[in-house]
Amino acid sequence: MNTQDYFEKKKQETTKSFAFFIERVAHGPNTPYGIDFAKKHCLEDVTIVVLPGTTSGKNALKEHNGLLKRVDDFVFQSHSFSKQNVHVCCAVCHYGNAFDSDVARKLLHLYYTENKTYQQYMEVMEEQSRQEYIMPQYVTDIFNEIFYPRLFDENNQFLPFTKALNRIRKLIFVTFCHGAYTMIKLEESLSKQLSTSPYSPSQIENLLKSLVVLAYSPDCPLGLSQMQFISFASAADLTIKHDNGFIDYVHRGLFVEDFGLCYLPKKYGNVFYCAQYSQNGVEGNPRVLQRIDPEEWYKNLHKDSAEEQKDLHISEHGFLGFIPHAKMSNAAIKMQQIGCRILKNAILNAISKDYKTLSTFELSASKIEDELIFLKAKIKGGILLLKKALWEKNPQKKSFASNVKIARID
């Protein structure tokens, strides 16, 4: 049974959400889109796990593959890592009848910011939906496939700490949009399991810190994760929410403030922001408003190569990826390059016998020029945070971003 047949069969068998894993293979009659079920690999090998955003029901498998292919190409074509000890897989996620991804993300924000309101929503919810929102079955499927065998032995007992750490540190996650929500829920599940372990608090902290997560256009609260959770986003993307107030501040007007590139420390999300992915209207370029055919836009939304996207409108919410677009802003290109360096250095560090937990600065900088880019972004972020704090004291403050609602299709 190929992945497409399995996916359709599984949807008919359960009303719950579920997930399974795919990897890139050669195209063939039984491997639609050049994908197959991910194989079981050595748990001491490096594994890059791709967690996608939401997809359309009809083309879900193809769209999952589009994101997987871009990560896979970066790892094995752009940098030629060996497939003998580095693997890339993607979680194919289906949400079932009792789980709505938009509602789930809203509830996650409420859980961490307005818990009383969150509890009120949960009290009136049907039982199956409530259980799915507390811990989605598809997240449990991912946990059981990825984390469980790296923490437990064949007798379901916790592994010795050193062995568990050696396996966990080999995991690297690349997420897009709703995939960040999935990652937060995975961390909740992981933290719950570790709370019952024989590991000390400092050992648990080390386990969590060893996990590197690259979150592109994340739609989740930032600054809460104990993992090395590094985010990248366009401040002009009004479809996402981070609960740090930054996008509200820089998007006070109809168009975003042209601040270029900045970095905010962990308290505010460990996040890189550029003003826009598109060069349109920033960095001295004229702002050109153009009509977009929605059918054409949606048709091309999940194109999986830069060549196919070269003449398309650049979505501020699209997956930033690893290959520059002809119409990207300079700040977006710098941020894209930082993401590339972080992923490359995370893989190199995971492969190395001299592994150590690296900071965001260490992951993002390979040479002096990289260090200067990071430091400038950090200084810019500090200045913007200071201005934001002063703005927030103004009782008359207004923000375009906080008063606009935009529908989004990942």
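Let's start with helix 3 and helix 9. This is a predicted model, and in it helix 3 spans residues 101-113 while helix 9 spans residues 178-194. They pack at an angle of about 50 degrees. Roughly parallel would need an angle under 35 degrees, and roughly perpendicular starts at 65. The two helices are therefore oblique to each other. Their axes lie 10 Å apart. The crossing of helix 3 past helix 9 is left-handed.

Which residues of helix 3 and helix 9 meet? From helix 3, we have Ser101, Ala104, Arg105, Leu108 and Tyr112. From helix 9, take His178, Tyr181, Ile184, Lys185 and Glu188. Sort that contact by class, and you get five nonpolar, two polar and three charged residues.

Next, some of the pairings. Strand 5, residues 171-176, runs parallel to strand 6, residues 212-216, over five bridges. Thr175 sits opposite Ala215 of strand 6.

Move along to strand 9, residues 271-274. On one side, strand 7, residues 228-234, pairs with strand 9 in the parallel sense, over four bridges. There, Ser231 stands opposite Val271. Strand 8, residues 261-264, also pairs with strand 9, but in the antiparallel sense, again over four bridges. In that pairing Cys262 faces Tyr273.

Strands 8 and 9 form a hairpin. How many residues lie between them? Six. Look at Gly269 in the turn: its phi is positive, about 130 degrees.

Stay with strand 9 for its side chains. In a regular strand, side chains alternate between the two faces of the sheet. Here, Val271 and Tyr273 point one way. Phe272 and Cys274 point the other way. Are these four buried or exposed? All are buried.

Methods: Residues numbered from 1 in each chain as written. Predicted model: local features only at pLDDT ≥ 70, side-chain atom pairs only at ≥ 80, totals over all residues. Heavy atoms only, no water. Buried < 20%, exposed > 50% of the residue type's maximum accessible area, 1.4 Å probe, protein only. Pairing = 2+ DSSP bridges. Axes fitted to C-alpha atoms, helices over the stretch in contact; angles between N-to-C directions. Parallel < 35°, antiparallel > 145°, perpendicular 65-115°, else oblique. Left-handed = near helix turned anticlockwise from the far one by under 90°. Contact = heavy atoms within 4.5 Å. Nonpolar A, V, L, I, M, F, W, Y, C, P; charged D, E, K, R; others polar.
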